[in-house]
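Hi there,

Here is the structure I promised to pass on. Please have a look at it first, and then read my notes below.

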Amino acid sequence: MDRHSLKVLEFDKICKFLKSFAVSPGGKSQCETLIPSSNQDTVKTLLKESTEMRVAIELQGHLPLNGVYDLRKAVDQSRILNFYLEPKDLHRIRQTIETANSIQKYFSCIAEACPLLFRITANINQLKDITSGIGKSISSQGEILDSASPLLADIRNSLKKLRLNIIKNLEQMINDEYISHAFQDDFITLRHNRYVIPVRSDSKSVVPGVVHDQSQSKATFFVEPLSVVNLNNDLQILQKEAYYEEVKILTELTNLVSEYRDEILSDLNIMEQIDVIHARALFSKALNAVEPSVNIDGTIELRLCRHPILTARFVEDTEYADENSMETPDNEKKVKGHWEFNHSEIVPVDILKRKNISTLVVTGANAGGKTVALKTLGLFVLMTQAGMHIPVEEGSKISIYDTVFADIGDEQNIEASLSTFSAHMEQIKSIVKNVSSSSLTLLDELGSGTDPSEGGALAVSILDFLRESGCVTVITTHLNILKTYAYNHADVENVSVEFDPVTLNPTYSLVYGVPGISNALAIANNIGIPRKILNNAEHYLDESDKQTVELIHGLEKTQKEIIEEKKLLQKIKNLSHIHLKASESLLERIKARKDKILKNFENSARKLLRESEEELMKLIKEQRRRRLIRPEELHKHTEKTKKTLSGIKKKLYEKFPVPDSNREKIEHLLTGQAVRVFHLKKKGIVVSVDNKAKKAEVAVGTMRIKTGFHELELTGDQIAGETKAEQSPSPHYQMAGEATQTIKINVIGLRAEDAIPVVDKTIDNAIVHGTALVEIIHGRGTGRLMRAIHEHLKEHQYVNRFASADISEGGSGITIVHMK
């Protein structure tokens with residue numbers, strides 16, 4: 001990619017934004033030096049990685065990346081003969097390896113949802129020898145543990161005992177009433193790593209020993225009494241032994257790191273790659289960005305574009321800096337804070353280029369958004385090719401280019417004796433030298449900074465050259481000759497920044513197919529230029545220029561009306577498409593349901609026919625046997641045969657749906673009446689009724705069903721001995737049907753002493769109906785109700801086991817009981 005173009009399009013600022021979301025030192029460094037790719041497959045993979053990471057964050061939260069360190073220097077040093085790493089470096093190596101293992105486990109749980117990220121992390125090495133070795137020897141504070149070796153533990157234990165012995169001797173001396181007057185103070189200290197006591201300078205002879213130091217006032221000597229000299233000597237020897245053992249331990253661990261250095265660096269590279277992808281996903285979420293559809297045919301359809309830099313706001317962290325805090329890039333003073341992206345004040349813009357268009361000529365008023373649109377397109381191409389999502393509407397399309405060239409802004413350089421025009425020409429010289437058919441060229445104010453006629457002629461010639469090269473070009477200009485150029489070439493399209501003729505202000509929207517006018521007088525008026533000057537300026541305008549302005553205004557109005565009509569038609573088309581899809585889906589479901597019903601009916605009919613055939617065969621055998629029966633018994637057998645045939649006929653008719661015309665319509669129901677529910681083929685009792693709405697709630701066994709009168713039939717049956725309360729099931733129960741394997745009970749709001757009997761009754765029902773599972777919904781709250789239920793279930797004779805539901809199904813707010 002062209003370095004100059006990356007700078008003028010402010011891609012470096014985007015990289016700084018991205019860096020603020022990275023965690024590891026290596027990840028931050030890679031974000032800051034990110035270079036867009038020009039390979040279509042690579043770009044698609046990078047974008048898919050960002051998308052998968054956003055899915056992963058939604059499913060499992062942010063990645064635990066805080067334990068990743070830059071280990072390259074330490075790993076390189078481990079190769080040096082007789083060199084040992086510091087405990088702090090070894091602990092960081094262990095932390096990084098353990099973090100890598102955690103990340104591998106993180107993605108193994110969502111392998112189907114994130115296949116690309118799973119494949120990347122599947123290459124992480126476990127390196128358990130290193131983690132266990134360092135973990136046994138080095139603490140989280142970077143200190144060597146006693147458990148590093150038995151010898152070190154023995155030496156340190158001896159050191160502890162020896163120190164206590166020395167301190168005990170010195171304390172006895174300080175507390176001796178015969179010599180206590182000789183001490184300046186009653187504390188014990190260290191000088192040259194030997195235990196000493198403070199002795200008054202005028203009493204030095206009272207405490208014989210070795211003087212190691214003197215106070216600044218010369219009033220105190222720090223004396224090592226002769227009675228502890230040998231003990232201090234032993235202490236020095238033990239400390240030396242401990243040091244040699246610690247060096248031995250660190251050397252062994254360093255050699256272990258050297259042995260696995262390639263695997264460690266491989267894991268580190270993977271972790272830094274994951275950190276960068278994670279940063280891209282977090283940046284995407286902060287921008288409310290999406291993955292665009294990429295192509296190489298030059299099609300650009302970016303709708304509702306929002307330039308990230310215009311939406312960015314640096315928020316200083318006053319008290320606590322979070323993990324995404326960073327230093328502001330535009331201030332030498334280092335300030336901790338984080339970036340926020342507010343889109344509410346930004347007017348989004350649509351940037352469109354059809355496949356057969358090679359050049360867009362953007363014209364219109366100053367401060368109307370021409371340059372911003374140019375920079376937005378260039379920046380979005382760079383962001384996309386670097387694997388970042390872009391803040392556009394879902395379904396937007398963008399093309400991939402080998403190189404992006406940009407000449408934007410005033411690049412006047414006094415030191416190099418370059419005027420504005422000369423600076424532009426220097427950059428254009430570099431562009432035309434390196435441009436190719438796979439390039440995107442962005443030129444701001446082409447032909448400006450010199451005589452309009454010469455500048456216009458030069459601009460037209462440059463456009464001819466760029467079109468011949470086959471590249472895609474987008475320019476901004478105020479020159480009329482370039483507006484005319486677009487009308488004369490089929491592959492060149494005029495684009496204008498919309499200007500409100502009422503408010504005389506730009507709307508920051510782009511209108512395609514129509515050139516824009518500069519509206520210099522209107523803008524000057526808004527700024528506050530005196531009206532007298534503006535009136536005189538209008539007199540100096542040529543009549544042809546006035547007519548051109550009026551023509552363009554008319555074209556803008558017509559184009560706007562066409563766009564609005566097009567949007568309305570597209571909306572209608574989208575709605576029609578949605579309704580069509582819904583209708584097709586409904587039809588498919590109806591067909592599937594019909595096939596299922598017919599299949600079930602066919603199976604039932606076949607079964608009934610087999611049963612009927614068996615009954616008929618019995619009748620045939622009976623008739624054959626009847627020939628041997630006496631005449632007086634013949635009448636009895638005939639009546640029996642008729643009854644059997646009648647029973648078979650009744651069974652057959654029962655299997656056929658009852659036509660609505662044969663059903664007695666129900667106009668009024670009473671609570672407690674017995675009814676039959678057609679679609680369940682079950683009898684039940686009406687527990688509540690709304691005669692006006694023709695709806696009722698019916699208790700069928702242990703379940704309640706709400707249905708219309710048209711699904712019910714009066715049976716006239718009475719359930720003797722049952723009260724209304726007995727007919728109505730408890731409102732706490734919920735069953736899916738007679739064949740269900742789970743009973744649900746809701747005891748939220750009940751006290752523990754009230755809930756336990758309800759739970760017992762539910763378990764009794766489960767035993768009666770042969771139900772395998774009971775689901776108790778008790779909520780979380782203070783946990784008192786849950787604990788009371790769990791204690792009760794532990795002692796229940798019919799409960800096999802119980803546990804809280806999965807997090808996705810309610811977690812600790814629901815208890816699943818498995819029956820014996």
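In strand 2, Val196 is the bridge partner of Thr189. Before I go on: this is a predicted model, in which local features need pLDDT of at least 70 and side-chain atom pairs count only at pLDDT 80 or more, while totals for chains, interfaces and linings use all residues. Residues are numbered from 1 along each chain as its sequence is written, and side-chain values use heavy atoms, with hydrogens and water left out.

Back to that pair of strands. Strand 1 and strand 2 (residues 194–200) are paired in the antiparallel sense over three bridges; two strands pair if DSSP finds at least two bridges between them. Helices (H or I, at least four residues) and strands (E, at least two) are DSSP runs, numbered from the N terminus. The two strands belong to an open sheet of four strands, with antiparallel pairing and the order 1-2-4-3. Its edge strands are strand 1 (189–191) and strand 3 (209–214), each of which pairs on one side only. On average, neighbouring strands of this sheet are turned by 50° against each other, direction ignored.

Helix 9 (residues 150–174) packs on this sheet, where it touches strand 2 and strand 4 (220–225), and its direction makes about 10° with that of strand 2. Contact here means heavy atoms within 4.5 Å. Axes are lines fitted to C-alpha atoms, for helices over the stretch in contact, and angles run from 0 to 180 degrees between N-to-C directions. Helix 10 lies across strand 2, strand 3 and strand 4, and runs at about 145° to strand 2.

Helix 10 (residues 229–259) also packs with helix 8 (residues 128–137), at an angle of about 165° and with the axes 10 Å apart. Helix 8 and helix 10 are therefore roughly antiparallel to each other (angles under 35 degrees count as roughly parallel, over 145 as roughly antiparallel, 65 to 115 as roughly perpendicular and the rest as oblique). On the helix 8 side, Asp129, Ile130, Gly133, Ile134 and Ser137 meet Ile249, Leu253, Leu256 and Val257 of helix 10. By class, this contact of helix 8 with helix 10 has six nonpolar, two polar and one charged residues.

An open sheet of five strands, with antiparallel pairing, has the order 21-20-19-18-22. Strand 21 (703–708) and strand 22 (712–714) are its edge strands, each pairing on one side only. From one strand to the next, the twist averages 45°. Within this sheet, strand 18 (residues 674–677) and strand 19 (residues 682–690) pair in the antiparallel sense over four bridges, and Ala674 stands opposite Ile685 in strand 19.

One residue is worth a visit too. Cys15 sits in helix 2 (residues 11–19). At 3% relative accessibility, Cys15 counts as buried (under 20% relative accessible area; exposed is over 50%, partly exposed in between, with a 1.4 Å probe and protein chains only). Not counting residues up to four places away in sequence, Cys15 touches Cys31, Glu32 and Leu34. The C-alpha atoms of Cys15 and Thr33 are separated by 7.4 Å, with the two residues 18 apart along the chain.

Finally, the overall picture. The protein chain has 23 helices and 27 strands, and 41% of its 820 residues count as buried.

Best wishes

Methods:
Ala, Val, Leu, Ile, Met, Phe, Trp, Tyr, Cys and Pro count as nonpolar, Asp, Glu, Lys and Arg as charged, and the others, Gly among them, as polar.
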